[in-house]
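Here's a quick briefing for anyone meeting this chain for the first time. Take a look at the structure, then read on.

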Amino acid sequence: MYVCICNALTETQVTRAIEKGCRTPKDVYKTCGTQPQCGRCMETMSNMLDRATGEAVLRPGE
Ligand code: FES
């Protein structure tokens, strides 16, 4: 499944970037050799980072 359509980044690629130590979407883009474009993937990427790092932020209504 694609996480970032603009850069054709898959869930697997983002997961690997996180495993390599990425802790922000900016880190993920850089590690994958890409740059953010429309930004629609930021929320999904942030959620993946939160889950992977165990630093999930409690948001009202969730
Ligand atoms: S979907 Fe990721 S920058 Fe557009």
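Let's start with helix H3, where Met45, Met48 and Leu49 are buried. Here "buried" means 20 or more other C-beta atoms within 10 Å of the residue's own, "exposed" means 12 or fewer, and "partly exposed" is anything in between, with C-beta atoms placed from the backbone.

Two notes before the details. This is a predicted model, in which local features need pLDDT of at least 70 and side-chain atom pairs count only at pLDDT 80 or more, while totals for chains, interfaces and linings use all residues. Residues are numbered from 1 along each chain as its sequence is written.

**The overall layout**

- The chain has three helices and two strands, and reading along the sequence gives the pattern β-β-α-α-α.
- Helices (H or I, at least four residues) and strands (E, at least two) are DSSP runs, numbered from the N terminus.
- Of the 62 residues in the chain, 21% are buried.
- Among contacts with a separation of 6 or more, 38% join residues 24 or more positions apart; two residues are in contact if their C-beta atoms, placed from the backbone, lie within 7 Å.

**More on H3**

- On the other side of H3, you'll find Glu43, Asn47, Asp50 and Arg51 exposed.
- What covers the buried residues of H3? The cover includes E1, H1 and H2.
- At 1.5 Å a residue, the twelve residues of H3 should span 16 Å, and the end C-alpha atoms are 16 Å apart, which agrees. The expected span is 1.5 Å times one less than the number of residues in the helix.
- Just after H3 comes glycine 54, with a positive phi of about 70°.

**The nonpolar core**

- Which residues make up the largest nonpolar core? There are twelve: Val3, Cys4, Leu9, Val14, Ala17, Cys22, Val28, Tyr29, Cys41, Met45, Met48 and Leu49.
- The elements giving two or more residues to this core are E1, helix H1 (11-19), helix H2 (25-31) and helix H3 (42-53), and H3 gives the most, with three residues.
- A nonpolar core here is a set of buried Ala, Val, Leu, Ile, Met, Phe, Trp, Tyr and Cys residues joined through C-beta atoms within 7 Å.
- As background, nonpolar side chains tend to be buried together in soluble globular proteins.

- Cysteine 4 belongs to strand E1 (residues 2-4).
- Is cysteine 4 buried or exposed? Cysteine 4 counts as buried because 25 other C-beta atoms lie within 10 Å.
- Leaving out residues up to four places away in sequence, cysteine 4 touches Leu9 and Cys41.
- With that same exclusion of residues up to four places away, cysteine 41 touches Val3 and Cys4.
- Cysteine 4 and glutamine 37 are 33 residues apart along the chain, with 9.3 Å between their C-alpha atoms.

**Along helix H1**

- Glutamine 13 is in helix H1 and counts as partly exposed, because it has 18 C-beta neighbours inside 10 Å. Its C-alpha atom is 8.9 Å from that of valine 28, 15 residues apart along the chain.
- Threonine 15 is in helix H1 too, and is partly exposed, with 15 other C-beta atoms within 10 Å. Threonine 15 and methionine 48 are 33 residues apart in sequence, yet 7.8 Å apart in space, C-alpha to C-alpha.
- Arginine 16, also found in helix H1, is partly exposed with 14 other C-beta atoms within 10 Å. From arginine 16 to cysteine 32 it's 16 residues in sequence and 9.5 Å in space, C-alpha to C-alpha.

**A positive phi in the loop**

- Where is alanine 8? Alanine 8 lies in the loop between E1 and strand E2 (9-10).
- Alanine 8 is exposed, because 11 other C-beta atoms lie within 10 Å.
- The phi of alanine 8 is near 55°, a positive value in a residue other than glycine.
- For context, most residues other than glycine have a negative phi.
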